[in-house]
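Let's walk through this model together, one part at a time. Keep the sequence and the 3D view open side by side as you read.

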There are 4 protein chains.
Amino acid sequence: ADFLSLADYERQAQDFMPHPVYEYIAGGADRDQALNNNRTSFDDWQILPSVLNSFRQANSTVHLIGQALAHPIIAAPVAYQRLVHNEGELATAQACTATESQMVVSTLTSQPLAAIGEQVASPWFQLYFQAQKQQTLQLVRQAEDAGYSALMVTVDVPINGLRIRAQKAGFALPPAVRAVHVSDAPPPLIEANQSVILNGYMAHSPSWDDIAWLQQQTQLPIFLKGILSTHDASQAQQAGLAGVVVSNHGGRSLDCLASPIHQIAAIRAAVGGDFSLILDSGVRHGTDVFKALALGANAVMIGRPIMYGLAIAGALGVAHCLKLLREEFELTMALAGCPTVEAITASHITRRP
Amino acid sequence: ADFLSLADYERQAQDFMPHPVYEYIAGGADRDQALNNNRTSFDDWQILPSVLNSFRQANSTVHLIGQALAHPIIAAPVAYQRLVHNEGELATAQACTATESQMVVSTLTSQPLAAIGEQVASPWFQLYFQAQKQQTLQLVRQAEDAGYSALMVTVDVPINGLRIRAQKAGFALPPAVRAVHVSDAPPPLIEANQSVILNGYMAHSPSWDDIAWLQQQTQLPIFLKGILSTHDASQAQQAGLAGVVVSNHGGRSLDCLASPIHQIAAIRAAVGGDFSLILDSGVRHGTDVFKALALGANAVMIGRPIMYGLAIAGALGVAHCLKLLREEFELTMALAGCPTVEAITASHITRRP
Amino acid sequence: ADFLSLADYERQAQDFMPHPVYEYIAGGADRDQALNNNRTSFDDWQILPSVLNSFRQANSTVHLIGQALAHPIIAAPVAYQRLVHNEGELATAQACTATESQMVVSTLTSQPLAAIGEQVASPWFQLYFQAQKQQTLQLVRQAEDAGYSALMVTVDVPINGLRIRAQKAGFALPPAVRAVHVSDAPPPLIEANQSVILNGYMAHSPSWDDIAWLQQQTQLPIFLKGILSTHDASQAQQAGLAGVVVSNHGGRSLDCLASPIHQIAAIRAAVGGDFSLILDSGVRHGTDVFKALALGANAVMIGRPIMYGLAIAGALGVAHCLKLLREEFELTMALAGCPTVEAITASHITRRP
Amino acid sequence: ADFLSLADYERQAQDFMPHPVYEYIAGGADRDQALNNNRTSFDDWQILPSVLNSFRQANSTVHLIGQALAHPIIAAPVAYQRLVHNEGELATAQACTATESQMVVSTLTSQPLAAIGEQVASPWFQLYFQAQKQQTLQLVRQAEDAGYSALMVTVDVPINGLRIRAQKAGFALPPAVRAVHVSDAPPPLIEANQSVILNGYMAHSPSWDDIAWLQQQTQLPIFLKGILSTHDASQAQQAGLAGVVVSNHGGRSLDCLASPIHQIAAIRAAVGGDFSLILDSGVRHGTDVFKALALGANAVMIGRPIMYGLAIAGALGVAHCLKLLREEFELTMALAGCPTVEAITASHITRRP
Ligand SMILES: Cc1cc2nc3c(=O)[nH]c(=O)nc-3n(C[C@H](O)[C@H](O)[C@H](O)COP(=O)(O)O)c2cc1C
Ligand SMILES: Cc1cc2nc3c(=O)[nH]c(=O)nc-3n(C[C@H](O)[C@H](O)[C@H](O)COP(=O)(O)O)c2cc1C
Ligand SMILES: Cc1cc2nc3c(=O)[nH]c(=O)nc-3n(C[C@H](O)[C@H](O)[C@H](O)COP(=O)(O)O)c2cc1C
Ligand SMILES: Cc1cc2nc3c(=O)[nH]c(=O)nc-3n(C[C@H](O)[C@H](O)[C@H](O)COP(=O)(O)O)c2cc1C
């Protein structure tokens, strides 16, 4: 079988994992509306090339929070990577090293932070706030100690979204796969007449105050992950954070959420040029990366493709996915007449009429 | 079989009732355009969450005509509920009690108003004007005597819509099921050259004068049910009514009618903040409830799902439907960052681009 | 089989005629784009009812060029009606009489004008300009003599459109069916280097001068049939004509033409309130009639349904189609709260969002 | 089998060539989005006819760079025409002569420029810049010597697009078919850490300076082929070029590119009336030609249909395709009321609502 694009990986991934696991990974929240919109929303934009530009100095480097990335495609934090390959996050780390890609490691990693940190230079750590501040702090310290160079606090799933597909398929974590750094949250406690959702599960959801507290505990630059509104992006900027990830969690939190690619331009307009914006959710093609950057993102992340590459061919599969995407992106730069990422502006993009 | 959402109930309901009955309940007017648009119109809106808000005081209570409802999901008036379950409206009443849901009882109830009133606290009564004012008044008195706390006058079907699906399936009321409080209307009388529709069936259609008359007969707050235009909503407000139900009768009156979810924002703008707006027609999901409220509704009603729950599992089925919907709604509040219904504003919603 | 709407007639008509004849009648020009758009364009509009209006004086009468029509649904000029029923135009005439419908008779009628005029009160005559003025004049005189009360000059097919479906099906007029009042046009004559289309077939296409000439020959009110632009409608008005038919010839002339229902509002705005506008092309339902009137038409015509009714049940079939459509229209008036056609205004209509 | 339109040729072409060749010709870049959009974008426009105009002086002649074309339909440069017919470009040239069509010959022609020039009057030459200026100049001189009357420099594929369909089908040029005037480019050379795409393949991509150089080498009028932005069109105009071809290379360069038919109006507005604009990509029907001209093009080109006609019936097939398209175009002029191409203005066109 040919693997000429991420679509090929996506199509064949089902054959490389048990069906419930596939449903857990591939599925979105509820009726998959956000999931499907994430893909089709990219089609709402078309590219307007410019011709005859010089490519003497061409390159795809981007600069973010003082770091230079060889290209703007980042491996998103994805939990439990040992679900689909025994080496899990370690393999992904090797693939990122091989392809000069930035890696973000989940709080729910199934391999130790330190071991991952040995396979890839200065990864970033995705943080889920824990029920107790002390637990949260311990996670941060472990990341710092292992040389992680930024924190990405995920704020869009204070409570799990509905996972109808996973539920119908009977998905459960196999005993051999677990989050090595965190333990299960206690069941929610509510009083009579209280809502198990609004008052139970949401009791420990983090707030802006908790973000301020976190800033005081660490020197690492902090991103908020899961922002869709201009208001929240501006608030993050005013709070002195490093940037935000414009994301709907790959369509896995709340169905009906807007697509990041439709929000990114307004958010860039709101925060101005100097605030880092990373976009994820539905990025599958080099043209998607180009569109995200043209509309204001500094970089993008991919989630599910990591798991598909891992399932099909381990570190090699992940590396091939990242390489394919980078090549597609650079080909898009070439055909669109943009020799550098700075040249990828809104004038190279138009709404599909 | 799993019942994880109202869609599961809807899908399986057909197996729990004779086909003609299913066609009568599930069908819309004519070619089902309004029916289908009611559903897809919700997809025209997407949700923009805000993050990191405090949920300390979170709850889903709404206030309407001086009454506090535990949540904004109301059981719509649906005729002849004994069609699908022997206990009919009594079972629905029990389910509303169990789930803290407001119930509205149809003029065409197949169980006595008084008996229903014993199963649920302060239900509302849906009124169809009768050919004779005396008959209309008698219905109102019966509702008042049984402790009903509001009237909902349905004004969007002065004449029955075309029910092609029910007609093709050969639907007719079985002898055992009948409207216990009203008797059949006499066949229309017309003169030569008159239209059986415009002059016959429409002869006794109610007018604004009849509404004014009704206001003089009762102390109960009155809603008009079946409003789609800003003009009519404003006229209802100026007439001193309690509110209106923005509805196209679940797509059962006139095919081609606009969808309530597309009219609600303009109507809210026309009447200002202090007039009660209830929306129905196509509400099937917690995100639908959220969108309706974000666009200006105070509460929503569901019609067909009541019949599906009833058909599949009686009072338990109806209660489960109402519970599922409330949980989806509260989950949407949580993930959208809205701790109370007051926080659900237009800034949390955006047109699908 | 049930015949509850024109859709039922349309679906079953194929079984009542040879396939090539069906393709000739049902087909549009070329790829059927205009044909299909004609139908779907009606769906771009939705109805906003108003409630609680008095129907004391309700009726569906319209006034046009000084004539009162019992309702606004007119039988369009359709050629060769004997193709599908031996009595052809005579049966259609009887059906129009039975249903109080205005009839328009084609230049290409397969029954004599005079005989038709005996079956229906004051029909209108649809005129195709002939290669010779004398032939044209003779047609007009025959119509005048037979009591026809208006002329409708068709201007949108100076040359036949592409009829791919009819051509592929091998359609040809059977020997027994012919236009009884006109003879075949001579083949086009062109010089070397001339275009057989632009210089050959178009050599005898009528111009505004010919219309002026016609006005001098007759006292009958004249409609132009086949107008889609505001410019042409205004020119017809300034020329002193009685009105225009906003039409794309049922999608049979040029594929890609705009749909009349999308042009009618702009044309009404251009000509003001006092100029008669009739709309055809794709009208199949009472709600279509309502929408056309709400957007500015005074009346509508139906073409193919006449042939379907005729094929399935002769005069009875045509009458039933006209009756169904009128009843649907009056039901729409009732449910939309419009007791008269004057009440059907743009405020009762909205673009589907 | 009937061949009544280019669609018939397109459908049947697959049976007249090996599957990999068909995939190479029919396919677009990557996922075929640009390819498919090219077709559907034409449907976004509809035609508004005007009626009763005089066709006394009707004709379809256009004037371009001082040359009179009998009609505005041009055979686009298509490489390797011997792939589908042994006579290749020679047959196409004969067909252009027979149908009074302008021909453009590709740099990658599989027949000698001189031999083609003997079969058709003053063809144009499509130029791809070669790695060495000297090679480029030699091509220009060969074209000049063979009587070619214009140059068309293709600028939208400095690097080949992704040809997933051709790749998956295993397409390769058969040994018997080759570009007779150019030799293969050397493989790209890059330094460590350079991108094979951005620094390797793009090393020899032409720039505006190269265009200026070319203008100094030749007297022939020069078109740029592959322009989609107003900026580039204006720059071409200011550089003193003869015109541009608004094109996305038939959807073969970069997927996601905008459709030329959606860009042409803005480009015409930017360059004013005196600069030649040719449109290609997806033109398949006479109404497409009409729409392109109404929106501002002076002429159109067709690419793939040439290959389909050639494959099915050699010179005769190509001639028949060109004749069909011209007849459809003239029929469109007739039914839209435009006796000359000058009459085809924006007032005859409207966005599909
Ligand atoms: C199986 C799976 C597990 C994920 N786990 C996490 C996680 O632990 N933390 C987190 O912030 N995001 C997590 N995400 C979301 C991703 O970081 C990312 O936002 C999303 O996958 C991007 O969308 P895409 O999958 O369409 O590329 C997960 C996504 C998937 C598919
Ligand atoms: C079977 C059935 C019977 C109904 N009977 C009544 C009725 O008696 N009175 C009334 O005002 N509305 C009646 N309705 C309309 C509902 O009150 C409500 O407006 C509608 O069902 C809402 O749309 P939904 O079914 O999509 O939720 C009925 C609806 C259905 C489906
Ligand atoms: C089979 C057929 C024959 C027609 N013949 C004529 C005709 O002779 N003269 C004319 O003006 N229009 C003719 N028309 C067009 C109709 O008058 C009318 O404009 C069209 O049918 C309306 O569209 P509809 O068929 O969608 O209702 C014909 C239409 C059909 C379908
Ligand atoms: C098989 C094939 C080969 C082509 N070769 C060339 C070429 O050598 N030079 C060039 O400028 N364009 C080339 N084109 C592009 C055409 O000139 C033209 O832009 C395109 O085909 C127009 O789109 P259409 O195929 O939809 O009509 C080629 C197109 C095809 C399909």
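Some ground rules come first. This is a predicted model, so local features need pLDDT of at least 70 and side-chain atom pairs count only at pLDDT 80 or more, while totals for chains, interfaces and linings use all residues; side-chain values use heavy atoms, with hydrogens and water left out. Residues are numbered from 1 along each chain as its sequence is written, and chains are lettered from A and ligands numbered from 1 in the order in which they are written.

Start with chains B and C. Chain B superposes on chain C by a rotation of 90 degrees, with 0.1 Å of shift along the axis and an RMSD of 0.0 Å. That is the relation of a four-fold axis. If you want to find the rotation axis from chain B, look for B:Pro353, the residue of that chain that comes closest to the axis, with its C-alpha at 8.2 Å.

Now turn to chain A and its open sheet. Eight strands line up there in the order β4-β11-β10-β9-β8-β7-β6-β5, and their pairing is parallel. Strands here are DSSP runs of E with at least two residues, helices are runs of H or I with at least four, and both are numbered from the N terminus; two strands pair if DSSP finds at least two bridges between them. At the edges of the sheet stand β4 (73–75) and β5 (104–105) of chain A, each with a single partner strand, so one side of each has no neighbour in the sheet. Elsewhere in the sheet, β8 (residues 222–227) and β9 (residues 243–246) of chain A pair in the parallel sense over four bridges. Within this pair, A:Leu224 stands opposite A:Val244 in β9.

Next comes ligand 1. It is surrounded by 22 residues, and the closest are A:Pro77, A:Ser106, A:Thr154, A:Asp280 and A:Gly282; a residue counts as near if one of its heavy atoms lies within 4 Å. Among the polar contacts (pairs of N or O atoms within 3.5 Å), a polar side-chain atom of A:Lys225 lies 3.0 Å from a nitrogen atom of ligand 1. Two oxygen contacts involve the backbone: A:Gly282 at 2.8 Å and A:Gly303 at 2.8 Å. Taken alone, ligand 1 exposes 610 Å², and the protein buries 98% of that, with areas from the Shrake-Rupley method and a 1.4 Å probe.

Finally, two backbone angles deserve a look. Most residues other than glycine have a negative phi. C:Asp30, however, has a positive phi of about 60 degrees, and C:Asp30 sits in the loop between α2 (19–26) and α3 (33–43) of chain C. Likewise, D:Tyr80 has a positive phi near 50 degrees, in the loop between β4 (73–75) and α4 (89–98) of chain D.

Technical notes
Least-squares fit on C-alpha atoms with pLDDT ≥ 70 in both. Polar contact = N/O pair within 3.5 Å; in protein donor to acceptor, adjacent residues only side chain to side chain.
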